[in-house]
Every structure is written in C-alpha cells, then in structure tokens.
Amino acid sequence: MDGYIKNVGPTAESRFEIRVNQLPLDEAFLAACKPLPSGIQDTIKALRLEGVADATYVVTRPPGFNRKYEFNLAAFVSKGSIRYRHFPYRLGNLTGNVDYSTRDKIVKFSNLKAQHGPAQLSGTGTFRKTSDLDPGFLD
C-alpha cells in the first residue's frame, strides 16, 4: 500500500493504492463486498464465483471543497469457476479481467476465458446500473 494526502484540510487531495496478490474469492471476500451497490453484490453472489484475484484498489479524492472520494478496482481473476444460480452450468479454469470505477458506475469484464468439459468459452462484457432501483443491465 502507498499513497499521499496533500494540503490536509477541507480541500485536501489524496490518493491511496492497495495491491494484493492471490486474494481468495471466498465468503470473507463476499462479506467485504457489502459496501458495493446491492445489484453488484447480488450478482457476485448469484455467480457463485470462486478462485483467486490479483487486484489493485485505488482511492482518490480530487482537491477542492466538497469533493467525493472515487474508487477504482482492477483485478485479474485466475484459478476460477462460476456456477450461476439461475443457470447452473459450471465453468471452470476461469481467468479474466474485472474493472470497476465509481465514476463510471460500470463493471467491465475483459479477456474472459473458461471451460466446460471440452468446450472453450471466451467473452467480454459490461454491467451497468443507472440507479439503486435499476436491476442493472449486462451486455
């Protein structure tokens, strides 16, 4: 972890970066996701995601009065599997990138690869929510 705070006070600018390797994607991970918007947390639960992730989490606050913190997550998932609750077709050997930014409010999936028996799958996509009442849209 490293970071800084400049001009301590109500107009402070800050940036902190937290890096982790081989983070288990397990119940403890899911419990730590509670601050995420409900649609994103519900999606993670429904996917029944397992594996490990190398991740970088960046927290920034632009300088100025009444500025809000922004959060960015970039993760590479490996040794993974998913078994979606509503379509229990287990995908193993899952790898890929997941990126999330509170500014964009979009989860981006890229370079996804998985296997089901002899079938090889790959894909990309985004998940977006326009409001707390919006169930979200995956494309």
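**Exercises on surface, burial and salt bridges**

Met1, Ile18 and Tyr57 form a nonpolar surface patch with about 310 Å² of accessible area together (Shrake-Rupley method, 1.4 Å probe, only the protein chains shown counting as cover for residues; patches take residues with over 30% relative accessible area and no salt bridge, like charges being joined within 9 Å and nonpolar side chains, Val, Leu, Ile, Met, Phe, Trp or Tyr, within 5 Å). This is a predicted model, in which local features need pLDDT of at least 70 and side-chain atom pairs pLDDT 80 or more, while totals for chains, interfaces and linings use all residues. Residues are numbered from 1 along each chain as its sequence is written, and side-chain values use heavy atoms, without hydrogens and water.

**Exercise 1.** Determine whether Ser14 is buried or exposed.

*Solution.* Step 1: Ser14 is found in strand 2 (residues 13-24) (strands are DSSP E runs of at least two residues, numbered from the N terminus). Step 2: its relative accessible area is 4%, so Ser14 is buried (buried is under 20%, exposed over 50%, partly exposed in between, with a 1.4 Å probe and protein chains only).

**Exercise 2.** Identify the salt-bridge partner of Arg103.

*Solution.* Step 1: Arg103 pairs with Glu70, the closest N and O atoms being 2.7 Å apart (a salt bridge is a side-chain nitrogen of Lys or Arg within 4 Å of a carboxyl oxygen of Asp or Glu). Step 2: the pair links distant parts of the chain, 33 residues apart, with Glu70 in strand 4 (residues 70-82). Step 3: Arg103 is exposed at 61% relative accessible area, whereas Glu70 is buried at 17%.

Notes: Helix = DSSP H or I, 4+ residues; strand = E, 2+ residues; numbered from the N terminus.
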